[in-house]
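Me: I am new to protein models and would like to learn how to read one feature at a time. Could you take me through this one slowly?

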Amino acid sequence: MADSLSFPTLVPPASKLPRVGTTIFTVMSQLAQQHGAVNLGQGFPDFEPPQRLRDSLVRAMAAGANQYAPMTGLLRLREQIAIKSQRLHARRLDPETEITITSGATEAIFAAIAATVGIGDEVILLDPCYDSYEPAIELQGARAVHVPLLAPRFSIDWQRLRDAIGPRTRLLVINSPHNPTGAMLGAADLDQLAGLLRGTGILLLSDEVYEHITFDGAEHHSVLRHAELAGRSFVISSFGKTFHCTGWKVGYCVAPAALSAEFRKVHQYLTFCTFNPAQWAFADMLEHEPAHYLELPAFYQRKRNRFRSLLAGSRLKLLDVPGGYFQLVDYSAIDDELDDVAFSRWLVEKHKLAAIPISVFYETPPATRLIRLCFAKNDDTLRAGADALCRL
């Protein structure tokens, strides 16, 4: 009988992301499921996408749109995005060279960073910021430089931002409406940003996935409205956020032709193309039902106002919500000892309510007691969540 084979002990390779574990969104959603809790943590609606969108998806599949889409995205969809951009931002886009359909906004963010950032480069992030930015930067051998926003309005500290710019700065990431705070950049902010970047080779990544969720008559000032900034920018949008279908994972990136060409080099080897039937469905919605995204501000303002009224009897301090679908609350009147991670775990385990601690969005968290609650939920969910919070 032949001797049994022996193999050397496998030594795992060094981690490229040694500080990264399972995201807080996955952790809190799993805890919510485990404890039967109301989930106001992860940012997804618990109501269905528009009926027309679902019907269009079924029709596209029945018509045979089940194979690869073009790498850059369905041309009809890119043409509708160009029409939308002209209508909303007076920005004329070339659908052939300046618009790319992606497998969600997160893929678009990664592709933009991977296409432009290299070893030794620096990328400026404004804290608190979405947790996918920094891992994408680190995987390129680059370094994230964190500049904290000014609470409680979470505005840009222009002097600190100016001081953070150096010879290795390659990219600046902005996000408006902002996750997790809901803060929004105005026209004056974009002018100031343009002045700061003028004469540099620094590129801009503008995460605008909540672009249609703004309140109290405020306008979303897209980078696409600002000719000088648009010329150096990747602008990222999300159909999932706009059409209540985050599980479909379809987004897009708008960038000048030269930047789009580099972006597409990464995109084609990252996902190559994106879910084909959904692209037909989104094109149909943009062409025949543009009222949907035009009505989103009023739709979500009703939810925001409803949720805030339900929390009026609680001991939570509610921060202002200019845009997006998250409510920040200060829980210090309930417990000033527990940090936000411990408080969020206690909240889901003992009181059946899942939230997201704000410290996970910072490199160096401030001494605050804030958690994020998602109000993109139906009335029954909002009422159940508010009842749990009002009992604290």
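Reply: Let us begin with a term that we shall need for sheets: two strands are said to pair if DSSP finds at least two bridges between them. Helices (H or I, at least four residues) and strands (E, at least two) are themselves DSSP runs, numbered from the N terminus. As for the source, this is a predicted model, in which local features need pLDDT of at least 70 and side-chain atom pairs count only at pLDDT 80 or more, while totals for chains, interfaces and linings use all residues. Residues are numbered from 1 along each chain as its sequence is written, and side-chain values use heavy atoms, with hydrogens and water left out.

Me: Which residue stands opposite proline 357 in E13?

Reply: The general idea is that strands of a sheet pair through backbone hydrogen bonds, either parallel or antiparallel. In this structure proline 357 stands opposite isoleucine 371 in E13, and E12 pairs with strand E13 (residues 370-374) in the antiparallel sense over two bridges.

Me: What is the order of the strands in the open sheet of four?

Reply: The order is E9-E10-E13-E12, with antiparallel pairing. Strand E9 (317-318) and strand E12 (356-357) are the edge strands, since each pairs on one side only. Two bridges join the antiparallel strands E9 and E10, and here leucine 318 has valine 329 in E10 as its bridge partner. Five bridges join E10 to E13, again running antiparallel, and the partner of phenylalanine 326 in E13 is cysteine 374.

Me: In which sense do E3 and E5 pair?

Reply: They pair in the parallel sense over three bridges, and isoleucine 124 has leucine 172 in E5 as its bridge partner. E5 also pairs with strand E6 (residues 203-207), in the parallel sense over five bridges, where valine 173 stands opposite leucine 205. Strand E5 (residues 169-175) is mostly covered, with six of its seven residues buried.

Me: Which residues of H2 are buried?

Reply: An α-helix has 3.6 residues a turn, so residues three or four places apart point the same way. The buried residues of H2 are Leu53, Ser56, Leu57 and Ala60. They cover an arc of only 105° around the axis (the arc of the directions from the helix axis to the C-beta atoms), which puts them on the same side of H2. These buried residues pack against helix H11 (276-288), where contact means heavy atoms within 4.5 Å. The face turned away from the buried side carries the exposed residues Val58 and Ala62.

Me: What does alanine 105 touch, not counting residues up to four places away in sequence?

Reply: Alanine 105, found in helix H4 (residues 105-116), touches Val209, Ile236, Ser237, Ser238 and Gly251 on that count. Because its relative accessibility is 11%, alanine 105 counts as buried.

Me: Where does serine 132 lie?

Reply: Serine 132 lies in the loop between strand E3 (122-127) and helix H5 (133-138), and at 16% relative accessibility serine 132 counts as buried. Leaving aside neighbours within four places in sequence, serine 132 is in contact with Thr106 and Ile109.

Me: How many helices and strands does the protein chain have?

Reply: The secondary structure of the protein chain comes to 15 helices and 13 strands. Its radius of gyration, taken over C-alpha atoms, is 22 Å, close to the 21 Å that the globule rule gives for 392 residues, so the chain is as compact as a globular protein of that length. That rule is 2.2 Å times the number of residues to the power 0.38. Of the 392 residues, 54% count as buried.

How values were computed. Buried < 20%, exposed > 50% of the residue type's maximum accessible area, 1.4 Å probe, protein only.
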